[in-house]
Structure formats: C-alpha cells, structure tokens
Amino acid sequence: MSLDYVYTNIVNFKRITIGRNLRSYSRYWGLFDHEGVIVDLSYLGPYKRKKCYLPFGLLKKLYENFDSFHNYNCLILEENMCSIMETRFFSEEYCDENYENKLGFFSIDHTDDEMGYPFLLPFLPELNDHSIIQSLSIDPLLDVELFYNFVNKNQLILKDFKFRHIRWSQEWFNYCYRITKTNTEFQIFDDSNFV
C-alpha cells in the first residue's frame, strides 16, 4: 500500500504535502527525509509547465514559516490518518465550513487556476521572484520529470532507500552534477542564502 504524507498543523489541519506514494517505513522519516513540496512553475507566472522540487534552503524556510505561524503545533502524518483525526475531533459541518472559507482542513500547496498558489506564497514569498523561478527551472536536481526518468532508467527501487527519499541520494546528486558539466543549459541553484 502506498502512502502520502503531510506536515499538518493539528489545530486547524492546514497542511503541506511532503511525500507521495511511499511505503510504511517512511513513517519513521524526519521532515527533511521526505521529498518535499513540488511546484508547477506555470502557476507562478508566465512560465512553461514544469514541475520542480523546492531546494533544501527554500523548503527549510517554508517549513520554518509554517511552524512559526502556527505556533509550532505541526506534525508529520499520513494523509489518511490526518483525515481520521479530523473526523474524530470535528463535525463534518465544521470541517466543510472551514475548508470552504480556507480557514483549515486543506493543503496550502494546492493550486488555483486563476490565483496560482494563493496559500503557499505567503509562507514562501521568494516564489514571487522571477530570478529565483528562473534558477529553479534550470536546476536538474529539482526537475521532477528528469528525476523519475533517472529512477526508471536506473531501475532504482524506493525500498532500497529506507532512510531517506531517493531525491536526496548521492546517486541522484552525482548524476545531476555530471549533467551540468556537459550541458551548459543546466545550473545547480545556490540556496545557501536560505539555509
């Protein structure tokens, strides 16, 4: 059975999707062991449709801002466990009303066709910066499609990476650094200012 993981505020159940299609051993991972948020650049301005991971520095800033705004009441939960807790502690009407008014019970990284990422951007305003988006778009480490092509081509299996998502593996890093040496269109994003 595959599991999705969310970083959840346990007061209002706002959450961030941090891991997708994982196995049961992933429940032991820390926040930065999961793959983290994936953004579609086309929702951030006039960019081509491209899904990118956030680099470590921006993930760290996002999680810190989310934590501090919600008074450090956040936990990593399986998505279905989050739903069970919601129904156990709150009425369906309360959950629905808060969801409709976007006061809680939803993922802040979801997209809106007209507004892009209206609930993610307040926690990570750097995504409004064109130069940052441009840097994300040319970093092979962050390219989700390239990542899954790499995983499939090398027949990597998630269960072989029990302690951390493959996205953080040395194999993936080495592959991307080799690409940047042979293809000048790619460049690793320097996120040292955000760490």
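**Reading the pocket, the cores and the rings**

Author: In this predicted model, β3 contributes three residues to the lining of the largest pocket, which is the largest share. Both β2 and β3 supply at least two residues each to that lining.

Reader: Turning to the nonpolar core, which residues of the largest one touch the most other members?

Author: A core of this kind is read as a set of buried nonpolar residues joined through side-chain atoms within 4.5 Å. The largest nonpolar core has 49 residues, and those touching the most other members are I16, V39, L44, L62 and L127. At least two residues of this core come from each of β1, β2, β3 (38-40), β4 (51-53), α1 (56-69), α4, α5 (144-153) and α6 (170-182). There is also a second, separate core of six residues, including L77, C82, C95 and F105.

Reader: What does I16 touch, if residues up to four places away in sequence are not counted?

Author: With those left out, I16 touches Y5, V6, Y7, V37, L62, Y63, F66, I108 and D109.

Reader: How many aromatic pairs does the structure hold, and how should I read one of them?

Author: Two rings count as a pair if their centres lie within 6.5 Å, and as stacked if their planes are under 30 degrees apart. The structure holds 20 aromatic pairs. One of them joins F13 and F105, whose rings lie 5.7 Å apart centre to centre with 10 degrees between the planes, so this pair is stacked. This pair links distant parts of the chain, 92 residues apart, with F13 in the loop between β1 (3-9) and β2 (15-22) and F105 in the loop between α3 (92-100) and α4 (130-137).

Reader: Are F13 and F105 buried or exposed?

Author: F13 is buried, because its relative accessible area is 1%, and F105, at 6%, is buried as well.

Reader: Which residues form one aromatic cluster, and where does the charged end of K102 sit?

Author: Y7, F32, F56, Y63, F66, F69, F123 and W168 form one aromatic cluster. The charged end of K102 sits over the ring of Y99, 3.7 Å from its centre, and also over the ring of F106, 5.4 Å from its centre.

Definitions and conventions
Residues numbered from 1 in each chain as written. Predicted model: local features only at pLDDT ≥ 70, side-chain atom pairs only at ≥ 80, totals over all residues. Heavy atoms only, no water. Phe/Tyr/Trp six-rings, centres within 6.5 Å; stacked < 30°, edge-to-face > 60°. Helix = DSSP H or I, 4+ residues; strand = E, 2+ residues; numbered from the N terminus. Buried < 20%, exposed > 50% of the residue type's maximum accessible area, 1.4 Å probe, protein only. Lys NZ or Arg CZ within 6 Å of the ring centre and 35° of its normal. Contact = heavy atoms within 4.5 Å.
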